[in-house]
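Hello,

Here is the structure I promised to pass on to you. Have a look at it first, and then read on for my notes.

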Amino acid sequence: MATDQRSDAFQLFRQEQAPLLFDLALRHSGDHVTASACVDAVCSELSGHWSDIDDPLRFIRRAAVLFVCRARRRALRLVVRRRRAPGTRTVDRWSARTAVV
């Protein structure tokens, strides 16, 4: 019985907050695909920890911003790797703090 109530509470919260979460992610990313992926990832993370989280609204806002930051970082890594000239060594500054060249 208590599980059903928690599940219902989560579904209600998701229905109310998903559009706002999408808008937040879209404003930060500027990309509909990233914003949609953000909503899915954040809601799935929230559903797994629903009973442990005191302030779910704060959790989804923070998780959305972190998701978009990680998505930007991944996209930047791909751009840096594609711009690298063949036969040259470059250091991926995101994955290695120091390098021996």
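A word on exposure to begin with: buried means under 20% relative accessible area, exposed means over 50%, and partly exposed is what falls in between, with a 1.4 Å probe and protein chains only. By that scale Arg14 is partly exposed, at a relative accessible area of 30%.

Please keep in mind that this is a predicted model, in which local features need pLDDT of at least 70 and side-chain atom pairs count only at pLDDT 80 or more, while totals for chains, interfaces and linings use all residues. Residues are numbered from 1 along each chain as its sequence is written, and side-chain values use heavy atoms, with hydrogens and water left out.

First, the overall layout. The chain has 3 helices and 0 strands, where helices (H or I, at least four residues) and strands (E, at least two) are DSSP runs numbered from the N terminus. Along the sequence this gives the pattern α-α-α. Of the 101 residues in the chain, 23% count as buried. If contact is taken as heavy atoms within 4.5 Å, then among contacts in the chain between residues at least 6 apart in sequence, 49% join residues at least 24 apart.

Now the charged pairs. Side chains of opposite charge can pair when their charged atoms come close. A salt bridge here is a side-chain nitrogen of Lys or Arg within 4 Å of a carboxyl oxygen of Asp or Glu, and the whole structure holds 2 of them. In one, the side chains of Asp40 and Arg14 meet at 4.0 Å, N to O. Asp40 belongs to helix α2 (residues 32-48) and Arg14 to helix α1 (residues 2-29), so this pair ties together parts that are 26 residues apart in sequence. Asp40 is partly exposed, with a relative accessible area of 45%. The other salt bridge joins Asp23 and Arg27, whose closest N and O atoms are 3.0 Å apart. Both of these residues lie in helix α1, 4 residues apart, or about one turn of the helix. Asp23 counts as partly exposed at 33% relative accessibility, whereas Arg27 is exposed at 68%.

Which residues of α2 are buried? They are Thr34, Ala35, Cys38, Val39, Val42, Cys43 and Leu46. These residues cover an arc of only 155° around the axis, which puts them on the same side of α2; the arc is that of the directions from the helix axis to the C-beta atoms. On the other side of α2, Val33 and Gly48 are exposed. The helix α2 has 17 residues and reaches 25 Å from its first C-alpha to its last, close to the 24 Å expected at 1.5 Å a residue, the expected span being 1.5 Å times one less than the number of residues. Thr34, at 17% relative accessibility, is in contact with Ser29, Phe67 and Ala71, leaving aside its neighbours within four places in sequence. Cys38 has its C-alpha 9.0 Å from that of Val65, although the two are 27 residues apart in sequence. Val65 lies in helix α3 (residues 56-83) and is partly exposed at 30% relative accessibility.

Last, the aromatic residues. Rings of Phe, Tyr and Trp (its six-membered ring) pair if their centres lie within 6.5 Å; planes under 30 degrees apart count as stacked, over 60 as edge-to-face and the rest as tilted. The structure holds 2 such pairs. Phe10 and Trp50 form an edge-to-face pair, 5.4 Å centre to centre with 70° between the planes. Phe10 lies in helix α1 and Trp50 in the loop between α2 and α3, so the pair ties together parts that are 40 residues apart in sequence. Phe13 and Trp50 form a tilted pair, 5.4 Å centre to centre with 50° between the planes. Phe13 is also in helix α1, so its pair with Trp50 ties together parts 37 residues apart in sequence. Phe13 and Trp50 are both buried, and Phe10 is buried too. Phe10, Phe13 and Trp50 form one aromatic cluster.

One more residue of helix α1 is Gln17, which is buried at 15% relative accessible area.

Best wishes
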